[in-house]
Amino acid sequence: MRLFIAVLLAVWPVAAQAQEESFADWLADFRPRLEASGASSSTVAAMLDGIEPELSAIERDRTQPEFVRPLWEYLDIAASGLRVRNGADEIAGRRGMLTNIENRFGVDYEILVAVWGLESSYGAIQGDRDVVQSLATLAWEGRRRSWAEAQLIAVARMIDRGYATRDELYGSWAGAMGQTQFIPETYLARAADFDGDGHIDIWNNVGDALASSANLLSEAGWTREAPVVVEVILPDAFDLTTWNPGAARMTAEWSMRGVTRADGTDWSADTLMYASRLNLPAGRRGPAFLTFPNFQALMRYNNSTSYGIGVWLLSQRFNGEFTIRGDWPEDDPPITRSQTLALQEGLLELGYNPGTPDGMFGPNTRRALMGFQRDNGYPVDGYAGRIMYDQVIATLAASGSTGD
């Protein structure tokens, strides 16, 4: 098992990973399909003539980091003092533009500035990779071929419609572009021309970039001035055994079960009428949050709880001192990828089904862990910290199984 873990989590030497076909063969197959999609011959040539794979993109795509950063450390970076100050300065200097965008799309501008700050440090870090080269490399590599080829077709449409030149298409190794890090298909579907000049420039035009984010969030269901996240306190006797992290209840129902606001204020009548989900990102011992439909809209931008809480926290700090009141369980950090694999194998051996063990903690593993917690008298919070990892491994050892 240890050998398998080492193979799974090591950084693959790219040169040793022979593809099923050469890059030239993939290119010869894709070029006529790009032409058939309607791309002009000049655009096809500009994109594909002389292109070579960028092997570091394959390495980045195949390699998952061994260590998972605790949420409290991520938030220290996401909503750092420097990021707050820079964002507040941007708000002060662009308030008129931001208010116009908020009024047009119905998305609170503090959230837009927070997204901007997390995606590119307010435009300072947009990525310097050739997007076409990166996407072509990922398409050839094959793990996400259909997705990467669809992005390349979208790139061709961007060029043919005059949205960007071939030389302007730079971004991340995975094809995200501009100050708001849109992938090409999202750019075509959601990018917005804020200043009406007929050119949607998310690289250099802050108005276009933020209007595009606003349009994306608006289409995802954002409601202006509605709650995003509220930190809460659970009563000591709160029963987690029937808790479903993905299920929403009316906030009034959470209130009836004794859930109170962490800031000590009363629930407003409006907030009580919203559906919300109970989120325990660091388990029962950490801060608890109710997350609202606007939080789910943020998940459409980046499907990460850490990201969503980071955007919310940063947006709150633009308006002055704001802190999460609950204590983080710093003695119980999230487990590593290899420990997650061992946890999955242990749960499977004990009769709980986490799906195929792969070292990635997803919904199936969470449900399996919650089943183990429920049956063994632990708080049913689904949090894969070091303490619960040790309990699963100890239970496995006591059962007489080695897990091999």
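These legends accompany close-up views of a predicted model.

**View 1. Helix 15 packs against helix 16.** Helix 15 spans residues 293-301, and helix 16 spans residues 305-317. The crossing is right-handed.

**View 2. Residues at the contact of helix 15 with helix 16.** Helix 15 contributes Phe295, Leu298, Met299 and Tyr301. Helix 16 contributes Thr305, Tyr307, Gly308, Ile309 and Val311. Seven of these contact residues are nonpolar and two are polar. None is charged.

**View 3. A salt bridge joins Arg31 and Asp49.** The side chains meet at 3.0 Å, N to O. Arg31 sits in helix 2 (residues 23-36). Asp49 sits in the loop between helix 3 (41-48) and helix 4 (55-62). The pair therefore ties together parts that are 18 residues apart in sequence. Arg31 has 25% relative accessibility, so Arg31 counts as partly exposed. Asp49 has 49% relative accessibility and also counts as partly exposed, because exposed requires over 50%.

**View 4. Arg94 and Glu90 form a salt bridge.** The N to O distance between their side chains is 2.7 Å. Arg94 is partly exposed, with a relative accessible area of 29%.

**View 5. Arg224 pairs with Glu102 in a salt bridge.** The closest N and O atoms are 2.7 Å apart. Arg224 belongs to the loop between helix 12 (206-219) and strand 3 (229-233). Glu102 belongs to helix 7 (residues 95-105). The pair therefore links parts that are 122 residues apart in sequence. Arg224 is partly exposed, at 34% relative accessible area. Glu102 is buried, at 9%, because buried means under 20%.

**View 6. Asp29, Arg33 and Glu149 belong to one salt-bridge network.** Salt bridges that share partners join these residues. Across the whole structure, a search finds 11 salt bridges. Among the pairs shown in the other views are Arg31 with Asp49, Arg94 with Glu90 and Arg224 with Glu102.

Technical notes. Residues are numbered from 1 along each chain as its sequence is written. This is a predicted model: local features need pLDDT of at least 70, side-chain atom pairs count only at pLDDT 80 or more; totals for chains, interfaces and linings use all residues. Side-chain values use heavy atoms; hydrogens and water are left out. Axes are lines fitted to C-alpha atoms, for helices over the stretch in contact, and angles run from 0 to 180 degrees between N-to-C directions. Helices (H or I, at least four residues) and strands (E, at least two) are DSSP runs, numbered from the N terminus. A crossing is left-handed if the near helix is turned anticlockwise from the far one by less than a right angle, and right-handed if clockwise. Contact means heavy atoms within 4.5 Å. Ala, Val, Leu, Ile, Met, Phe, Trp, Tyr, Cys and Pro count as nonpolar, Asp, Glu, Lys and Arg as charged, and the others, Gly among them, as polar. A salt bridge is a side-chain nitrogen of Lys or Arg within 4 Å of a carboxyl oxygen of Asp or Glu. Buried means under 20% relative accessible area, exposed over 50%, partly exposed in between (1.4 Å probe, protein chains only).
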